[in-house]
Amino acid sequence: MTSELQLAGYPAIQEYLFGLKTAGVKFGVDRMGLLSAAIGNPEKAVPCIHVAGTNGKGSVSAMLEAILRASGKRTGLYTSPHLVRLGERVQVDRRLLSEGEITAFVGELRPVADRIAARGGLDDRPSFFEFMTAMAFLQFARKCCDMSVIEVGLGGRLDATNIVDPEVSVVTSIGMDHCDMLGNTLESIASEKAGIVKQGRPVVIGRMPPEAEATVREIAASRDSRVVSVREEFGEDVARYPRTNLECDYQRWNAATATLAANILPTKFGISKESIGLGLRSVDWPGRWQRVSLGGRLAILDASHNPEGASVLDANLATLRKETGRPPIAIVGALGEMRARPLLEVLCRHSNEIHLVVPHQSRASTYSDLESLIPGTFRGRTVRSTVEGLFPGPGICTVGGKDDVIVLTGSIYLLGEVLSRLEPQRGPGEGRLQDF
């Protein structure tokens with residue numbers, strides 16, 4: 001039966017989902033368990049790989065999906081947040097969930113959510129992220145996916161996705177981010193991320209600080225989970241790491257993580273060395289040191305949104321300066337001081353012109369916030385700018401001269417706003433539904 005909300009069309013669906021999002025983030029798996037049980041536990045219908053981590057979890061998820069598809073598998077991919085369109089979060093064989101499918105799923109899930117809330121109270125009403133997670137599980141089951149790759153939204157232990165029983169768990173990295181929710185030490189953050197480790201199921205761990213790794217290993221041991229380590233398998237020399245078409249050394253670290261996860265899948269899934277190589281060479285994951293041409297000039301789009309990401313950006317910018325022989329012009333926007341400070345310190349070392357932008361997100365750092373974090377030693381130029389002014393149309397950027405290199409970095413939400421202007425074929429941006 002079609003609801004009035006469905007009949008009102010996709011804009012009404014967007015408003016409904018935005019209303020769920022503004023109700024706030026809700027951690028814990030109990031509510032997701034109630035919702036999933038009410039719709040038949042679709043997460044049990046498709047085997048999965050579960051991926052957590054401070055950085056790299058999106059790239060590793062995309063790599064694993066590409067490997068599985070190269071193996072002839074029908075794949076589901078659930079990631080968050082989206083860059084431009086909400087449907088990016090739920091993909092089958094990399095086809096985005098359509099507006100019509102989202103509309104139908106909301107029409108199906110809303111009365112279920114209403115019944116749950118009527119029985120247990122408003123605290124049991126599913127959140128925006130739980131709605132999206134349910135859509136993913138239903139879509140993958142109904143499309144008869146052979147395997148899905150499920151990226152954790154935030155943390156791990158209390159994330160809505162943690163109702164799955166994966167073939168393999170993955171913890172890509174541990175760094176200081178979302179400390180208000182996950183804790184103020186590497187050990188506490190690692191404990192939350194390692195909450196996805198399941199009894200008797202193996203876990204692959206990427207490169208991470210020793211104290212974080214010790215925590216993950218302790219939790220894995222308590223659950224009889226075999227630990228497969230990127231450092232133990234590949235060592236420290238990046239030249240030994242698998243190659244991927246995603247650029248930079250850190251993507252080779254991610255490629256090693258994805259390779260190990262694919263290798264330890266049960267033999268029944270038939271993952272070959274050849275399909276791993278093909279998947280890594282063909283993976284598509286925009287906004288991660290992505291090179292584009294803007295009016296014939298090189299531009300780099302790179303989401304570096306936390307201290308760990310800033311340290312990687314530092315190395316990448318040093319390499320870029322050697323490659324081009326000149327400092328790049330930087331465009332940056334961030335969410336919060338903890339993310340903005342290390343990012344600006346790095347940019348001030350490598351750029352002499354920085355354009356400050358405020359993403360259209362409630363948690364975004366203001367111009368004043370960003371300016372206050374510019375190191376006193378910086379002698380370059382800082383400019384208050386807007387996405388609309390910097391990127392007025394497809395393939396256009398208004399800063400710099402014909403030989404300048406542009407680096408857009410910081411919040412993934414900022415990159416989404418820019419991509420929706422540079423590549424209008426992606427469709428109108430859904431920025432209001434990006435955060436979490």
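Reply: Buried means under 20% relative accessible area, exposed over 50%, and partly exposed in between (1.4 Å probe, protein chains only). The model is predicted: local features need pLDDT of at least 70, side-chain atom pairs count only at pLDDT 80 or more, and totals for chains, interfaces and linings use all residues. Residues are numbered from 1 along each chain as its sequence is written, and side-chain values use heavy atoms, with hydrogens and water left out.

Start at strand E1. Strands (E, at least two residues) and helices (H or I, at least four) are DSSP runs, numbered from the N terminus. E1 is mostly covered, with five of its five residues buried. Cover comes on both faces. Cys48, His50 and Ala52 are buried on one side. Ile49 and Val51 are buried on the other. In general, side chains of a regular strand alternate between the two faces of the sheet.

Now the neighbours of E1. Two strands pair if DSSP finds at least two bridges between them. E1 and E5 run parallel and are joined by four bridges. There, valine 51 faces glutamate 151 of E5. E1 also runs parallel to E6, again through four bridges. In that pair, isoleucine 49 stands opposite valine 168 of E6.

Step back to the whole sheet. This open sheet has eight strands, in the order E4-E3-E2-E5-E1-E6-E7-E8, and its pairing is mixed. Strand E4 (95–96) and strand E8 (227–229) are the edges; each has a single partner strand, so one side of each lacks a neighbour in the sheet. E2 and E3 supply an antiparallel pair, joined by three bridges. Glycine 76 in that pair is opposite valine 92 of E3.

What lies across this sheet? Helix H4 lies across E1, E2, E5 and E6, and runs at about 175° to E5. Axes are lines fitted to C-alpha atoms (for helices, over the stretch in contact), and angles run from 0 to 180 degrees between N-to-C directions.

After H4 comes glycine 72, with a positive phi near 90°.

H4 and H11 pack at an angle of about 50°, and their axes are 9 Å apart. From H4, the residues Ser59, Val60, Met63, Leu64 and Ile67 take part. They meet Gln251, Asn254, Ala255, Thr257, Ala258, Ala261 and Ala262 of H11. Contact here means heavy atoms within 4.5 Å.

Next, the loops. Most residues other than glycine have a negative phi, and most peptide bonds are trans. Cysteine 248 sits in the loop between helix H10 (230–234) and H11. Its phi is positive, near 95°. Cysteine 248 counts as buried, at 16% relative accessibility. Cysteine 144 has a positive phi as well, near 55°. The loop of cysteine 144 runs between helix H6 (128–142) and E5. Cysteine 144 is exposed, with a relative accessible area of 57%. In the loop between E2 and strand E3 (90–92) lies proline 81. The peptide bond from serine 80 to proline 81 is cis, with omega near -10°.

Last, a look beyond this part. Another open sheet has six strands in the order E9-E10-E14-E11-E12-E13, with mixed pairing. Strand E9 (290–294) and strand E13 (381–384) are its edges; each has a single partner strand, so one side of each is left without a neighbour in the sheet. On average, neighbouring strands of this sheet are turned by 20° against each other, direction ignored. E11 (residues 329–333) and E12 (residues 353–356) run parallel, joined by three bridges. Alanine 330 is opposite isoleucine 354 of E12. Helix H14 (residues 337–350) lies across E11, E12 and strand E14 (406–410), at about 175° to E11. Helix H17 (residues 412–422) also packs on the sheet, touching E9, strand E10 (297–303), E11 and E14. The direction of H17 makes about 135° with that of E14.
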